[in-house]
Amino acid sequence: MTNRYEAMPHIESRVIPVDPFDLVIFGGTGDLARRKILPGLYRRFIAGQMPRDARIIGAARGDMDSDAYRKMVSDAIAEFGGQTKGSADTLKSFLSRILYVTIDARGEAGWSELQELMKGTGKVEAYYFSVSPALFGDLAERLQQWGMANSDARIVVEKPFGRDLETAKELNATLARYFEEDQIYRIDHYLGKETVQNLMAVRFGNMLFEPLWNAQYVDHIQITVAETVGVGGRGEYYDKSGAMRDMVQNHLMQLLCLIAMEPPARFDPDAVRDEKLKVIRALDPVLPHHIVRGQYEAEAGDENAHPSYREAVGDPRSKTESFVALKTHISNWRWSGTPFYMRTGKRMSARSSEITVVFKETPHSIFGAEAGQHRNVLSIRLQPNEGITLGVTIKEPGPGGMRLIDVPLDMTFSEALGDDAEQVDAYERLIMDVIRGNQTLFMRGDEVEAAWAWTDPIIQGWQTRGEVPKPYDSGSDGTVDSRELMRRDGREWREVAP
């Protein structure tokens, strides 16, 4: 290992090496490649996870040579690499593995050069489609045409996986013409987050929780993904999508599946994804009065810096939602009668992603009415400050009788595990899983289609009713109606806190 992998000695023992690989990034000059993929690969290189003979090949329309592309990669690492550490020699060594091909996704230019680079290497071959979904079929066809869609090849496709059930089926069918299902990696970066994976560890690795993880003991579950940013430069795309398509159908759906699924028979890709699929298929339809949509208003006193949603997308009559909150149920034995509340929005009060499991009250309080009502609350924070908090009830210190208070048992990862605990970016982990051939954290085609089959009637319903999203203040926790959605059930949303 020491003569094949380059690593910092104090980190090397914590990583699992991968086989030699060639990773081709279509859209290699794009925003995602610059912000996430390339800096993430550099961090994996520093960690000792990248073999000496691994190569990263950028492929895009831009006319440049490999030296110019290496300069772009170096600049991207400097701008978006965060606290990435590495000497000038380390960076130089990483950049020596970088190549570039000018390519036309819908034409013939550049494909013979790429074919020559990939010919007979004997390495893992991965192709990352960091491009518009409209080009997925063209790229898959070209790879097949030029002999690169062999049985060992893997393709990575970014969301959106269609914009409804029909287009998702068409996309799956297109990819299936050239690649087998086990060669297709549909990437959702939320599934690569450390805390998301810890959902399974907490549930299935602790006898403390799993016996209580059902309708008998859980009052309700909340899933919140809040953003402080607006639509920004994504206005044109976002206005054709909205929060339901952009966030609920994929990110929040995946979190719901992981929190609600049955224990898989074993921890392998298809066993896990089989159980997630069962959750989606058991979801009840969302009733019209169980969903709320909103659009953010301009920030008071700062309209120029933070315009309203309609101003940001350039459509004063837009009916696209930047916020959605809904209530649903899962019709199976484990969760019958337990409501699941989900909400997500832009320009909210804090950036926060959290799953909250609220347990029921004790069936009988021996402390009397004056002790108040107390519930155990398990909070799983996905971002920021990843960690897990369990609220427990104790006696308040001091004389004066039995006064009960709720206190948190807090495991913030950076505090509990120390500064040396390696917090790997989601894209880093998922790309390495592609190289390993591990599909556990990637969505299967039937899973994507089932999610759209549940989502489509919700969208069609509000379109048929001609509903217009309700306005909400920038920097708030969403619409007033979303709070009423909970209050009707005698519940409240958790505070959106950083």
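How are H7 and H15 oriented to each other? They are roughly antiparallel. The views below are of a predicted model.

**View 1. Helix H7 (residues 165-176) meets H15.** The two axes come within 9 Å. They cross at roughly 165 degrees. An angle over 145 degrees counts as roughly antiparallel, and H7 and H15 are therefore placed in that class. Their crossing is left-handed. From H7, the contact uses Leu 165, Ala 168, Lys 169 and Asn 172. From H15, it uses Gly 445, Val 448, Glu 449, Trp 452, Ala 453 and Asp 456. By type, the residues of this H7 and H15 contact divide into five nonpolar, two polar and three charged.

**View 2. Leu 441 sits in the loop between helix H14 (426-436) and helix H15 (445-465).** Its relative accessibility is 6%. Buried means under 20%, so Leu 441 counts as buried. Beyond its neighbours within four places in sequence, Leu 441 is in contact with Leu 191, Gln 197, Arg 429, Leu 430 and Asp 433. Ser 331 gives a reference point elsewhere in the chain. Leu 441 and Ser 331 are 110 residues apart in sequence. In space, their C-alpha atoms are 25 Å apart.

**View 3. H14 is largely enclosed by the rest of the structure.** Of its 11 residues, 10 are buried. They are Ala 426, Tyr 427, Glu 428, Arg 429, Leu 430, Ile 431, Met 432, Asp 433, Val 434 and Ile 435. Charged residues are on this list, including Glu 428, Arg 429 and Asp 433. Which elements do the buried residues of H14 pack against? The strands are strand E1 (21-26), strand E4 (124-129), E5 and E6. The helices are helix H2 (31-46) and H8.

**View 4. Six strands form an open sheet with parallel pairing.** The order is E3-E2-E1-E4-E5-E6. Strand E3 (98-102) and strand E6 (184-187) stand at the edges. Each has a single partner strand, so one side of each is left without a neighbour in the sheet. From one strand to the next, the twist averages 20 degrees. Strand E5 (residues 153-158) and E6 run parallel and are joined by four bridges. In E6, Ile 187 is the bridge partner of Glu 158. Helix H3 (residues 66-80) packs on this sheet, touching strand E2 (55-60) and E3. The direction of H3 makes about 120 degrees with that of E3.

**View 5. Nine strands form a second open sheet, with mixed pairing.** Their order is E14-E13-E12-E11-E7-E10-E9-E8-E15. Strand E14 (404-412) and strand E15 (470-472) are the edge strands, and each pairs on one side only. The twist averages 20 degrees from one strand to the next. Strand E7 (residues 218-226) and strand E11 (residues 352-359) run antiparallel, joined by eight bridges. Val 225 has Ser 353 of E11 as its bridge partner. Helix H10 (residues 242-260) packs on the sheet. H10 touches E7, strand E8 (291-296), strand E9 (323-329), strand E10 (339-345), E11 and E12. Its direction makes about 140 degrees with that of E10.

**View 6. E12 is mostly covered.** Seven of its seven residues are buried. E11 and E12 run antiparallel and share six bridges. Here Ser 353 stands opposite Gln 383 in E12. Five bridges join E12 to E13, again antiparallel. Ile 380 stands opposite Ile 388 in E13. The hairpin of E12 and E13 has three residues between the strands. In that hairpin, Asn 385 takes a positive phi near 50 degrees. Helix H8 (residues 194-204) lies across E11, strand E12 (377-383) and strand E13 (387-395). H8 runs at about 150 degrees to E12.

**View 7. Glu 275 lies in helix H11 (residues 269-282).** Is Glu 275 buried or exposed? At 11% relative accessibility, Glu 275 counts as buried. Leaving out residues up to four places away in sequence, Glu 275 touches Met 261, Glu 262, Pro 263 and Pro 264.

Methods:
Residues numbered from 1 in each chain as written. Predicted model: local features only at pLDDT ≥ 70, side-chain atom pairs only at ≥ 80, totals over all residues. Heavy atoms only, no water. Helix = DSSP H or I, 4+ residues; strand = E, 2+ residues; numbered from the N terminus. Buried < 20%, exposed > 50% of the residue type's maximum accessible area, 1.4 Å probe, protein only. Contact = heavy atoms within 4.5 Å. Pairing = 2+ DSSP bridges. Axes fitted to C-alpha atoms, helices over the stretch in contact; angles between N-to-C directions. Parallel < 35°, antiparallel > 145°, perpendicular 65-115°, else oblique. Left-handed = near helix turned anticlockwise from the far one by under 90°.
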